[in-house]
Amino acid sequence: MTRRAFKGSCRGLTMIEVLVSISVASIALAVAPTTLRIAGRAMILARDGTTATGLAQAKLEELIAHTDVSAHGEDTVAPQSTSTTFTRTWRAEPVHPQGELHRLFATVRWDDDTHQLTLETCTWKPQGSRQE
């Protein structure tokens, strides 16, 4: 009598392996919509954050170019690239004792003030003309 040994694994799948595979597949299918929703929200937040950064930067550049840097105010902006409405506020604070150096702030809020970002910079604006 000769004895034969099987080398390698058995062919086919056991019932346990089939059940585990079906369970994993059904969990993945159940979680997929939630994962897609979370990813979609993250993409919207990233898009709106980028838009808000651009709006704040544009206001700071406008304040730097403007001759009267003591301005402050607020406006509402609704860019066509997004369905979100942004509220933008800005202010300038003199830093230098003679009022030549100003700290500029631009804050953008959106989603009913749920999200907000603030950019800050400084600018040098002489108060009067220095012509001789």
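These legends go with several close-up views of a predicted model.

Some ground rules come first. Residues are numbered from 1 along each chain as its sequence is written, and side-chain values use heavy atoms, with hydrogens and water left out. Because this is a predicted model, local features need pLDDT of at least 70 and side-chain atom pairs count only at pLDDT 80 or more, while totals for chains, interfaces and linings use all residues.

View 1. Reading along the sequence gives the pattern α-β-β-β-β. Helices here are DSSP runs of H or I with at least four residues, strands are runs of E with at least two, and both are numbered from the N terminus. Of the 132 residues in the chain, 25% are buried; that label means under 20% relative accessible area, with exposed meaning over 50% and partly exposed in between (1.4 Å probe, protein chains only). The chain exposes about 10,200 Å², and carbon and sulfur atoms supply 57% of that (areas come from the Shrake-Rupley method with a 1.4 Å probe; for residues, only the protein chains shown count as cover). Take the contacts with a separation of 6 or more: 44% of them join residues 24 or more positions apart. A contact means heavy atoms within 4.5 Å.

**View 2. An open sheet of 4 strands, in the order S1-S2-S3-S4.** The pairing is antiparallel. Strands S1 (73-77) and S4 (115-124) sit at the edges with a single partner strand each, so one side of each has no neighbour in the sheet. On average, neighbouring strands are turned by 20 degrees against each other, direction ignored. Strands count as paired if DSSP finds at least two bridges between them. S1 and S2 (residues 86-94) pair over 5 bridges, and here Val77 stands opposite Phe86. S2 and S3 pair over 9 bridges, with Thr89 opposite Thr107.

**View 3. Helix H1 (residues 15-65) packed on the sheet.** H1 touches S1, S2, S3 (101-110) and S4. The direction of H1 makes about 150 degrees with that of S3. For these angles, axes are lines fitted to C-alpha atoms, over the stretch in contact for helices, and values run from 0 to 180 degrees between N-to-C directions. Ile44 is one of the residues in H1. With a relative accessible area of 43%, Ile44 is partly exposed. Its C-alpha is 8.9 Å from that of Thr82, though Ile44 and Thr82 are 38 residues apart in sequence.

**View 4. The largest nonpolar core, with 14 residues.** A core in this sense is a set of buried Ala, Val, Leu, Ile, Met, Phe, Trp, Tyr and Cys residues joined through side-chain atoms within 4.5 Å. Ala52, Phe86, Val108 and Trp110 touch the most other members. H1, S2 and S3 are the elements that give two or more residues to this core, and the largest share, 5 residues, comes from H1. Leave aside neighbours within four places in sequence, and Trp110 still has a list of contacts that includes Leu45, Asp48, Gly49 and Ala52, along with Thr84, Thr85 and Phe86.

**View 5. Phe86 and Trp110, a tilted aromatic pair.** A search of the whole structure turns up 1 aromatic pair. The rings sit 5.8 Å apart, centre to centre, with 55 degrees between the planes. Rings of Phe, Tyr and Trp (its six-membered ring) pair if their centres lie within 6.5 Å; planes under 30 degrees apart are stacked, over 60 edge-to-face, and the rest tilted. Phe86 is in S2 and Trp110 in S3, 24 residues apart, and the pair links distant parts of the chain. Both residues are buried.

**View 6. Thr87, a buried residue in strand S2.** Thr87 has 17% relative accessibility, so it counts as buried. Not counting residues up to four places away in sequence, Thr87 touches Glu74, Asp75 and Thr76, as well as Thr107, Val108 and Arg109.

**View 7. Ser81, in the loop between S1 and S2.** Ser81 is exposed, with a relative accessible area of 56%. Beyond residues up to four places away in sequence, Ser81 touches Arg47 and Thr51. Ser81 and Arg47 are 34 residues apart in sequence and 9.2 Å apart in space, C-alpha to C-alpha.
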